[in-house]
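Please open the structure in a viewer and keep the selection panel at hand.

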Amino acid sequence: DGLRAAQVFSQGTTYTYDDVIMHPGHIDFGAHQVVLTSKLTKGITLAIPVVSSPMDTVTEADMAAALAMMGSIGFVHYNMSIEEQVAQVARAKRHQAGLNAIPEVLAQDSFVADIHDLKRVKGIGSVCITDTGAPGGRLLGIVTPRDYDMLSHAEHRTTRLGDIMSRDVVTATEGEAHEEALQRLHAAKRRVPVVNASGHLVGLATRDLLRHHSRYPKVGQPSLDSSGKLRVGAAVGTRDDDRARVAALVSQAGVDVVILDSSQGDSTFQVAMLQHCKAAHPDLQVICGNVVTGAQAQRLVQAGADGLRVGMGSGSICTTQEVCAVGRGQASAVYHVARVAARAGVPIMADGGVQNSGHITKALALGASTVMCGSMFAGTTEAPGEYAMASGPSGPVRVKAYRGMGSLAAMTKGSEARYHSDTQALKIAQGVAGTVVDKGSVRQMVPHLMQAVKQGMQDVGARDIAAIHAMLRNGSLRMEVRSNAAQAEGNVHHMHSYDKVRW
Ligand code: XMP
């Protein structure tokens, strides 16, 4: 009953997500048991598989930090100077990740006055004390303002922290469930150091995380780098001056992963940039793209890409397929690139064309490991830009700008490199600029999206992304092409009015 993906996608018709529908499988587990952990690149795993587009109306520091807090990652756009992009990435990485924020640390023989120096620079009045005087040392105690508030100014210069620190510290252990650590934080009414099994300081639980968790539904563990800072990605181009951009992002901001941003990524420019990045910054993960065919994917996989970004002209603001006559339906692109990339163990990111949670589940089922969203995240609180009022069908609505990076407006600001356009020549727009309605916070939206994806995975009978990929490969994932009438039937129909679903 139904077809294997290989049969659907070998008919010579290009399909997008709405063209196909998956058959249900057998359920022997609860939706809450579905695990959405997935690979962004060969070297980075995320707790949730939805990431944000490097677009100037989607991802800057606020979006990147909010997504990383939930277990995802945001890619800061590069339609700005190197200095500005470095500052955005650094700001997101500095964001207090909560459970694993980087604590300020001093030694027992430091003085109270040393805390004041920290306060002046960083606004922090509490410090952890370790035997080495640095993070990673064995935790000895904690000093907060109430330990030194009553001392005179002169005493601040003579009182050693070892003499006033609280030695009886409430701690959380690394790997401990967030909930438990947060309960301790609540009970202790102060910051709670996080220690590993041998008592060495690895982080700090803060009120910021507590607020985040009490206000928003839970999704996944934060995406953290090896030093406990939030993971942040950035996009760069493939021109010679982009090498300086990558170097600054790595050395000054500690960016975790870069996307080599091009609408047609199968180029010698991209391979050269990839090889440069891997040679100059061996720890940096590099995602190449965009690609939509197996042949394109093969060349970038062979060149050493850590991940591939898939899609050409499928984005909601894209006009590439109309203007340049090139591209592919997004479901076909994801399926064909995934086949090639999976053989080489390279994760792929389905980029663009996602309008609802069902599209995310279909992208994962067709072989994607992560899904990149632009329009879904545009118009949220965390997206750059100010809200404005516009007239809607039933009265005024709040809107924010959303524009293609190949739109005239964005290119005028400098983003034309992505479209291989020559600044000396005529500008050819491959995208549009407009507005989208206010969607509230991504911290509210993403948990809903992820729950819906879990329910879709459960319907299909897959407990995790590896399982759905295995079903795709062994043919037990069955599907069909939807006729126009079947698509209409799958949507709401014959209703006079109904409550519109928000996401
Ligand atoms: P969605 O559908 O999520 O798509 O809004 C976001 C993706 O669209 C790509 N993008 C563009 N493609 N012209 C294009 O052809 C453009 O101006 C443009 N701007 C963004 C990009 O891959 C993004 O992630």
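Which order do the strands of the open sheet of three have? The order is β6-β7-β8, and the pairing is mixed. Strands and helices here are DSSP runs (E, at least two residues, for strands; H or I, at least four, for helices), numbered from the N terminus. Two strands count as paired if DSSP finds at least two bridges between them.

This is a predicted model, in which local features need pLDDT of at least 70 and side-chain atom pairs count only at pLDDT 80 or more, while totals for chains, interfaces and linings use all residues. Residues are numbered from 1 along each chain as its sequence is written, and side-chain values use heavy atoms, with hydrogens and water left out.

Select 105-106 and 139-143 next: these are β6 and β8, the edge strands, each pairing on one side only.

Move on to β15, residues 307-310.

Now display residues 285-291, strand β14, which is parallel to β15 and joined to it by four bridges. Ile 287 has Gly 307 as its bridge partner in β15.

Finally, select residues 348-351, strand β16, which pairs with β15 in the parallel sense over three bridges. Here the bridge partner of Arg 309 is Met 349.

Technical notes. Buried < 20%, exposed > 50% of the residue type's maximum accessible area, 1.4 Å probe, protein only.
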